[in-house]
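Hi there,

Here is the structure I promised to pass on to you. Have a look at it first, and then read my notes below.

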Amino acid sequence: MNIIKKSFHVLVSISVLVGIWQIVCATGRYEPSLLPSPMDVVRSMKELLEDGTLILHIQVSMTRFLIGYITASIAGIVLGLILGWYQKLWAFIDPIVQVLRPISPIAWFPFIVLWFGIGDAPAIVIIFIAAFYPVLLSTVNGIRKVDQVYLKVAQNFEMNQFQLLTKIVLPAAFPIIANGLHMALGSSWVFLVAGEMVGAQSGLGYLIIDARNSLRLDLVLAGIIFIGLSGLILDMIIKKVEKNIESKWGVQNGSK
Amino acid sequence: MNIIKKSFHVLVSISVLVGIWQIVCATGRYEPSLLPSPMDVVRSMKELLEDGTLILHIQVSMTRFLIGYITASIAGIVLGLILGWYQKLWAFIDPIVQVLRPISPIAWFPFIVLWFGIGDAPAIVIIFIAAFYPVLLSTVNGIRKVDQVYLKVAQNFEMNQFQLLTKIVLPAAFPIIANGLHMALGSSWVFLVAGEMVGAQSGLGYLIIDARNSLRLDLVLAGIIFIGLSGLILDMIIKKVEKNIESKWGVQNGSK
Amino acid sequence: MFKMDQNNESFITIEGVTKNYPRNDKTQSLALDKVDLSIKKGEFICLLGPSGCGKTTLLNLIGGFSKPTTGKILIDGELVDKPSVDRITIFQNYGLLPWRSVIKNVELGLEAKKISKEERKTIAEEYLSLVGLTDFSKHHPSELSGGMQQRVAIARALAADPDILLMDEPFGALDAMTRMGIQDEIQRIWSEKKKTIIFVTHDIEEAVFLADRIVIMTPYPGKVKSILKVPLARKRDRTSIDFLKIRDKVFSEFELKAPDCTEYYL
Amino acid sequence: MFKMDQNNESFITIEGVTKNYPRNDKTQSLALDKVDLSIKKGEFICLLGPSGCGKTTLLNLIGGFSKPTTGKILIDGELVDKPSVDRITIFQNYGLLPWRSVIKNVELGLEAKKISKEERKTIAEEYLSLVGLTDFSKHHPSELSGGMQQRVAIARALAADPDILLMDEPFGALDAMTRMGIQDEIQRIWSEKKKTIIFVTHDIEEAVFLADRIVIMTPYPGKVKSILKVPLARKRDRTSIDFLKIRDKVFSEFELKAPDCTEYYL
Amino acid sequence: KEKNAPVDEGNPIKIGYLPITHALPLFIQEDGANLKSAKLELVKFGSWAELVEALNAGEIDGASMLVELAMKSKEQGIGLKSVALGHRDGNVVVVSEEINKASDLKGKTVSIPSKLSSHNILLYQMLKENNLKLSDVNVVELPPAEMPAALSDGRISAYIVAEPFGAISISHGSGKVLYDSQELWQDSLCCTLVLRDEFINNNRLVAEEFVREYVKAAEKAEQKDKDVYEVSSKYMKTKKDVLELSLKFISYKDLAIRKEEYQVLTDYMKEMGLSENPPAYEDFIDNSLIQGE
Ligand SMILES: Nc1ncnc2c1ncn2[C@@H]1O[C@H](COP(=O)(O)OP(=O)(O)OP(=O)(O)O)[C@@H](O)[C@H]1O
Ligand SMILES: Nc1ncnc2c1ncn2[C@@H]1O[C@H](COP(=O)(O)OP(=O)(O)OP(=O)(O)O)[C@@H](O)[C@H]1O
Ligand SMILES: [Mg+2]
Ligand SMILES: [Mg+2]
């Protein structure tokens with residue numbers, strides 16, 4: 001019932017979008033090679049699907065993305081746990097993070113090549129950078145916001161430092177951390193294209209860049225659509241995970 | 001007192017960072033032209049400051065950024081208000097937004113050039129895109145989360161639709177919207193560099209790209225530092241604004 | 001004077017009102033089952049009952065926020081079908097707008113009416129002084145204690161000059177002693193302003209202290225079990241023998257059901 | 001049996017305890033002023049008083065969560081200087097861990113001790129059955145009503161087998177009728193388990209129903225005004241004449257101060 | 001500005017470029033600012049992709065760009081003409097220390113800026129001459145600015161790219177020249193000055209003057225004297241020794257494209273699969289402006 005309704009919404013909105021696109025193309029205001037028509041794009045999507053390169057590109061990108069994202073998540077949570085717990089230390093690290101965070105990964109390219117070479121590594125590093133800050137900051141924030149009452153309970157039951165961190169602080173902070181993980185997913189996926197600019201020879205980002213360099217805008221649009229859809233699917237997966245956690249944690253909001 | 005303490009933290013952490021950087025340079029593992037030393041960078045920063053180009057670049061970038069960010073904020077809030085209020089409409093728009101959001105602005109370059117030309121416009125458009133989605137989504141979300149009791153109060157006092165939206169819904173949703181504006185600030189500032197790749201002839205992003213193409217990595221780093229600092233200042237300003245709003249709204253969290 | 005004579009006529013008439021909520025599992029939940037009730041102008045009615053007995057549901061129906069599944073509610077002979085500024089509801093969590101100062105909150109109800117700015121301010125100040133908060137008019141709600149916030153909500157409701165006040169566990173979040181103070185206050189205001197008040201509570205003593213009549217409700221399905229008159233003069237003394245007798249009576253009304261109810265409450 | 005004989009000796013001794021909180025404006029706020037109190041083993045003590053009279057402050061000091069500015073607190077002759085599993089505090093908002101099931105919450109206090117997994121489970125189940133929640137052991141706290149959550153917190157505290165239970169307005173968030181049910185329950189458990197209980201409340205009736213002795217406190221600065229014995233047999237009848245007499249007595253203790261207190265409460 | 005409007009005082013000729021030695025004539029021309037009929041405005045881009053997108057969208061009237069990219073645009077229906085070369089030769093194959101001959105590159109990583117470039121063709125030619133195929137090396141497209149670093153750090157073993165990026169590695173000592181482009185492809189074509197058809201048609205006289213002056217500027221560039229260094233330092237932040245070195249590889253003479261040369265280019269592009277249907281010489285090459293009919 002709900003899925004039928006949702007599919008209906010998706011279908012209608014996508015149709016309207018494609019319709020507008022088709023109309024814009026049909027006016028002939030834009031050179032077809034500069035604004036490919038929906039049919040052209042569908043054709044190149046089919047092409048990509050049929051010759052199997054698409055699957056390959058998606059696999060490669062996903063692998064890079066997951067490596068970057070997961071290592072960033074682990075690093076962000078572990079570091080965030082330490083820094084969130086030792087607020088004095090965080091006072092020193094905070095300014096550095098605040099200055100580094102607003103810098104585009106693109107600006108780091110020369111140094112990334114210098115330190116990490118070309119190919120997979122820079123893509124992973126850029127995704128890592130893009131994912132790391134939100135996870136780190138949300139972990140620090142989550143730990144700071146742990147309800148004092150939980151800490152008192154732990155003290156009362158005479159838990160040791162390790163039990164306190166693993167049994168109380170980490171799970172108590174987890175809803176905020178999970179939210180950070182979600183945000184990080186979105187913001188780092190956007191950097192896949194940038195990441196695959198430095199010497200990658202495959203991947204969805206490479207596909208787009210290569211298509212751009214070859215002036216194949218139909219392929220660029222096809223790549224855009226695949227990137228959008230993959231991002232959407234990733235987002236749906238993590239939303240589901242987050243919902244599960246929230247409902248288990250008894251978080252009531254986000255219900256409707 | 002507090003400011004002295006903070007400055008101390010900043011000073012110590014920056015010194016440590018620069019120290020490490022200096023040590024890495026001193027090992028001689030990296031070509032000085034590939035990894036400029038802190039002194040080199042300070043020299044080029046001074047150079048940029050003294051010949052006045054830096055002020056110009058910052059001005060240009062800030063202007064572009066503010067135009068993009070502010071128009072995105074207004075558009076995002078207005079559209080978000082409408083779509084958040086008419087949830088049926090949102091059900092159709094949501095899938096489109098979800099697919100478009102994870103796409104890198106870089107991928108849109110060919111079409112942005114086609115529709116918006118070169119120079120200022122694409123930079124503004126890219127910042128607009130980067131800022132628009134978070135504002136839109138947080139507005140829709142904020143309106144969805146408006147406490148039912150406020151709506152009942154408005155009904156009870158027989159307010160009309162317009163009063164309801166301006167006097168109740170918008171202010172009630174504002175803390176969440178403000179948070180979205182904050183997030184949007186961070187995520188769109190990161191895209192300044194990307195935005196100034198398309199035919200811009202000035203700006204901090206242009207400075208970095210041009211320095212990169214000239215292999216003047218000292219200038220790249222100088223640019224990075226300026227971008228980081230400007231981003232930090234922007235962030236501090238909006239944090240202040242947000243705190244003000246929060247305290248006025250009686251939001252208690254985020255206090256410590 | 002004419003109104004006084006009318007006093008025996010029914011002002012609010014609830015006839016055979018039933019309310020069903022659809023459930024997820026497609027069964028219906030019977031929140032209210034055939035409620036009949038007739039309330040006179042100027043009466044102070046308390047709806048008393050444990051959680052889930054439909055007190056809020058009934059209040060929402062009278063307020064016009066939802067419609068009965070069957071039956072009808074008439075006020076002054078007119079069918080209730082939407083909220084009206086003539087019956088203001090005061091919610092448990094006060095429903096104050098946190099972004100507005102106290103006085104701006106009190107003015108809220110006047111903004112929908114065509115009243116000049118100055119007049120609005122005068123009226124708002126009048127009602128703020130009625131609840132003793134003149135000094136706090138520039139504060140924001142978050143700066144006030146719970147009891148003060150509830151008094152702002154009362155001032156706001158009164159400022160709109162409604163015939164009826166509907167109050168849903170208005171003092172539920174206040175501590176026991178603050179509660180007694182504000183109970184005194186609401187009864188003073190009621191005596192002064194002659195509003196009809198329907199007051200939801202699950203505190204027996206509160207009901208005995210405030211009500212002309214206590215409507216005792218029971219859950220599953222929510223219905224009116226009995227109606228109890230409280231023939232005590234105002235201002236009532238919480239420790240007087242008569243007060244305690246009525247309190248006892250209410251206790252026994254509930255304790256009849258105690259053995260199997262306890263499980264529901266907890 | 002030996003313990004019974006000791007019953008007249010002081011178990012918890014509070015001597016000249018003062019607590020100052022630093023204020024932003026560099027003045028000090030006197031939250032507790034020279035409190036002396038001596039509590040016997042197995043006693044049920046209620047701390048009663050309006051908001052701000054230092055009830056929580058005193059409880060935190062006994063719990064070892066903070067230290068007195070002057071004076072000292074001894075338990076069984078030993079100075080209190082940090083929290084201990086021998087005195088468990090039950091907080092108003094229960095302090096349950098929302099990510100753990102009910103039974104895992106009850107096991108929490110046992111995890112810090114060196115007890116095997118199976119034994120932990122057995123103990124936890126025992127105490128869950130004591131509070132009548134055996135059927136809910138796999139639920140998460142958010143799936144339970146407030147009263148049930150508070151019962152889980154009680155089970156968790158008891159499972160750690162402390163000598164002393166410290167309860168800070170444990171039933172403040174529950175509705176009046178649910179409250180009565182759980183009051184019955186805590187008094188049954190107290191009778192059964194012979195714990196020393198210090199119970200904070202601002203509900204007069206609750207104090208009269210539960211306490212052996214009521215410690216009446218007043219604010220600004222927070223101090224003990226008087227201590228009232230409640231020489232009623234258990235289980236007490238809330239509508240009995242004796243009960244109401246003591247209730248009256250407490251009322252008058254407070255009403256003496258009523259005229260100038262009201263402003264503080266609201 | 002209206003995209004196809006005639007140029008005039010307030011509406012300058014917009015020509016796109018990348019800050020590379022190959023675009024030197026444009027720098028000299030703009031610096032001289034000597035057009036009578038219109039103003040010249042150079043627009044700097046960060047990479048070929050953005051430049052070609054701006055050109056194809058009509059945002060600039062022309063550009064100094066890789067001829068292969070221009071041909072591809074033309075092939076896709078964009079009205080463009082190549083009116084003069086940017087230069088001849090001027091590309092080197094830069095290799096790391098341990099590479100001494102082309103066959104050493106077997107199995108190594110070689111980077112080029114873009115598939116649609118003369119650098120790709122030069123690589124192909126070099127490999128072919130040494131009996132190797134493109135598949136014998138690992139070809140990686142990299143932004144030119146990252147190539148010197150990648151070579152110096154051993155991430156790649158060779159690269160072929162526009163100047164001054166080749167000269168940088170050489171002057172740092174982290175790379176050396178394996179081949180000069182003349183050795184692989186005599187009088188090779190690389191960057192060309194293209195103009196949009198509408199621009200030429202709507203502003204015939206301006207276009208003629210522009211190209212005439214462009215050729216004069218190229219002649220000046222060919223002097224490679226102090227003035228040239230001075231001008232180029234305004235447009236590129238390259239160090240002087242690097243610039244000097246990179247100029248040694250380049251010739252700014254003889255900028256008209258001959259039919260035979262163009263044939264060689266199209267043959268290679270077809271052979272390498274870079275283009276199926278390259279534009280015909282007559283459609284794409286317009287020497288009428290340079291020859292000043
Ligand atoms: N919107 C709703 N949808 C479905 N069921 C509802 C809804 N509102 C109330 N109910 C059900 O109707 C019954 C009566 O609810 P109501 O809120 O009126 O009780 P109440 O007496 O106000 O209880 P409380 O003292 O807890 O506020 C309950 O069983 C409740 O679960
Ligand atoms: N951490 C603190 N810092 C400063 N002042 C405090 C702190 N905790 C309590 N106080 C002050 O000490 C006094 C006593 O507070 P306490 O919380 O003990 O009162 P209480 O009797 O528990 O009140 P309530 O019934 O509202 O819980 C109050 O005036 C309060 O403002
Ligand atoms: Mg209710
Ligand atoms: Mg307290």
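**A helix under cover**

Helix H3 (residues 102-111) of chain C is largely enclosed by the rest of the structure, because nine of its ten residues are buried. Please keep in mind that this is a predicted model. The buried residues of H3(C) are Val102(C), Ile103(C), Asn105(C), Val106(C), Glu107(C), Leu108(C), Gly109(C), Leu110(C) and Glu111(C).

**Chain A**

Chain A has eleven helices and zero strands. Its C-alpha trace spans about 75 × 55 × 30 Å along the principal axes. Of the 256 residues in chain A, 56% count as buried. Taking contacts between residues at least 6 apart in sequence, 73% of those in chain A join residues at least 24 apart. The accessible surface of chain A is about 11,300 Å², and carbon and sulfur atoms account for 69% of that. On the charge side, chain A has 19 positive and 15 negative charges, whose mean positions are 11 Å apart.

**A sheet in chain E**

In chain E, five strands form an open sheet with mixed pairing, in the order E8-E7-E9-E6-E10. Strand E8 (138-141) and strand E10 (176-180) of chain E each have a single partner strand, so one side of each is left without a neighbour in the sheet. From one strand to the next, the twist averages 25 degrees. Strand E6 (residues 92-95) of chain E runs antiparallel to E10(E), and four bridges join the two. Val93(E) has Tyr179(E) in E10(E) as its bridge partner.

**Backbone points to check**

Most residues other than glycine have a negative phi, and most peptide bonds are trans. Here are some exceptions from this model.

- Tyr220(C) and Pro221(C) are joined by a cis peptide bond with omega about -10 degrees; Pro221(C) sits in the loop between strand E9 (213-218) and strand E10 (223-229) of chain C.
- The bond from Arg234(D) to Lys235(D) is also cis, with omega near -15 degrees, and Lys235(D) is in the loop between strand E10 (223-229) and helix H8 (241-255) of chain D.
- Lys194(C) has a positive phi, near 55 degrees, and counts as exposed at 56% relative accessibility.
- Lys194(D) has a positive phi near 55 degrees, and is exposed with a relative accessible area of 54%.

Best wishes

Technical notes:
Residues numbered from 1 in each chain as written. Chains lettered and ligands numbered in written order. Predicted model: local features only at pLDDT ≥ 70, side-chain atom pairs only at ≥ 80, totals over all residues. Heavy atoms only, no water. Buried < 20%, exposed > 50% of the residue type's maximum accessible area, 1.4 Å probe, protein only. Contact = heavy atoms within 4.5 Å. Areas by Shrake-Rupley, 256 points an atom, 1.4 Å probe, with all protein chains shown as cover. Lys, Arg positive; Asp, Glu negative; His and termini not counted. Charge placed at Lys NZ, Arg CZ, Asp CG, Glu CD. Pairing = 2+ DSSP bridges. Axes fitted to C-alpha atoms, helices over the stretch in contact; angles between N-to-C directions.
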